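User: I'm new to this one. Please pick a single part, look at it closely, and walk me through what surrounds it.

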Amino acid sequence: MRWFPRTVSSFRRGGDEVLPSPNIWYYQKAYEVENRAQDVDDEIWRVLAGQRDWSGADVLDIGCGDGFHLPRFAATARSVLGVEPHEPLVRDASRRVAELPNVEVRQGRAQRLPVPDAAFDVVHARTAYFFGPGCEPGLREAERVLRPGGTLVIVDLDVTSEPYGRWMRLDLPHYDPPGVEKFFARQGFDCRKVMTRWEFGDAAAMEAVLKIEFSAPVAAKAIAEVRRLNEVSSSAGEERVTLPVGYRVHTRTKPTGLVVPGHSASSAEASAPAVSSSASPRMP
């Protein structure tokens, strides 16, 4: 993937600076293809619904991009707010949900959310901002805006999974997957690994997506491997291309009464030993 060389923790120490997403900010059309290809069997959505049903709830989606996931929440939620730092994406997200009366989009950053305290039942972030050590300001903000009993859900890519995780590790040799999992565990999160299936209409779509997600040498390796994985279906005359991709779903529920150590951002940070920073990726 086209990572930026700075670690998440280093750029966040400078204040509210936003690290540009190397994919959707610059290749929005290809990223739309990627969004439509991801998790075609709805495995992540089933896990999310099992962890916390958002029917009739107020939902906040942090780093909502151009709003791709907002309509899915809006179908059953009482209200949905998407927050996105990049102004062009805010405009496009607003257009996407213009006819949905229970959805709003605002420009803002994970570490300074433009919303009041205790306003949401569910806070969701998918492959945006929360990549491990360095995301503590965003965790504190998510805790602030959650109501007691509310749930923070963070979906990121499983960098230990094959083959997608292996390609990610090639582009990010210093990224420490076990260290990131330990970081979230120390912050009081449960973690569930989910294997999904991406499905593209044809090989050209697959290649366009992998080229925006990885460096040129790694993308070439990935494309060749996906073509080999799909040789049987191609020989049978099928044009569609599939790819297995693993995710992690981290969940943490805000206490409704006394704060139990390990179950809130503040208590976890106070009790946990220092965690060394790893080069956390800007994921798709």
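Analyst: Let's go for the second largest cavity, which holds about 40 Å³ of space. A cavity here is a set of points, on a 1 Å grid over the protein atoms alone, where a 1.4 Å probe fits but cannot get out. Volume is the space filled by probe spheres set on those points, which are joined across faces, edges and corners. By this rule there are 2 cavities of 30 Å³ or more.

Before going on: this is a predicted model, with local features needing pLDDT of at least 70 and side-chain atom pairs pLDDT 80 or more, while totals for chains, interfaces and linings use all residues. Residues are numbered from 1 along each chain as its sequence is written, and side-chain values use heavy atoms, leaving out hydrogens and water.

So who sits around the space? Its lining, meaning residues with an atom within 4 Å of a point, is made of Leu 48, Arg 52, Trp 54, Phe 73, Val 122, His 124 and Val 153. By class that's 5 nonpolar, 1 polar and 1 charged. Nonpolar covers Ala, Val, Leu, Ile, Met, Phe, Trp, Tyr, Cys and Pro; charged covers Asp, Glu, Lys and Arg; the others, Gly among them, are polar.

His 124 sits in strand β4, a strand being a DSSP run of E with at least two residues, numbered from the N terminus. With 1% relative accessibility, His 124 counts as buried; the cut-off is under 20%, with over 50% called exposed and partly exposed in between, using a 1.4 Å probe and protein chains only. Skipping residues up to four places away in sequence, His 124 touches Leu 48, Leu 60, Asp 61, Ile 62, Phe 73, Val 153 and Val 155, where contact means heavy atoms within 4.5 Å. Leu 48, Phe 73 and Val 153 turn up in the cavity lining too. Cys 64 is 60 residues away from His 124 in sequence, and their C-alpha atoms are 9.1 Å apart.

Now for the strands. β4 (residues 120–126) runs parallel to β5, joined over 6 bridges; two strands pair if DSSP finds at least two bridges between them. One of the bridges links Phe 120 to Leu 146 in β5. β5 (residues 146–157) is mostly covered, with 9 of its 12 residues buried.

There's also an open space to compare. A pocket is an open set of points with protein on both sides within 12 Å along at least five of seven lines, and the largest pocket has a volume of about 190 Å³. Its lining has 13 residues, and Asn 35, Gln 38, Trp 45, Phe 68 and His 69 lie nearest the centre. By class, this lining has 5 nonpolar, 3 polar and 5 charged residues. α2 (28–37), α3 (43–51) and α4 (70–74) each give at least two residues to it; helices are DSSP runs of H or I with at least four residues.

Zooming out, the protein has 12 helices and 7 strands, and 54% of its 284 residues are buried. Of the contacts between residues at least 6 apart in sequence, 76% join residues at least 24 apart.
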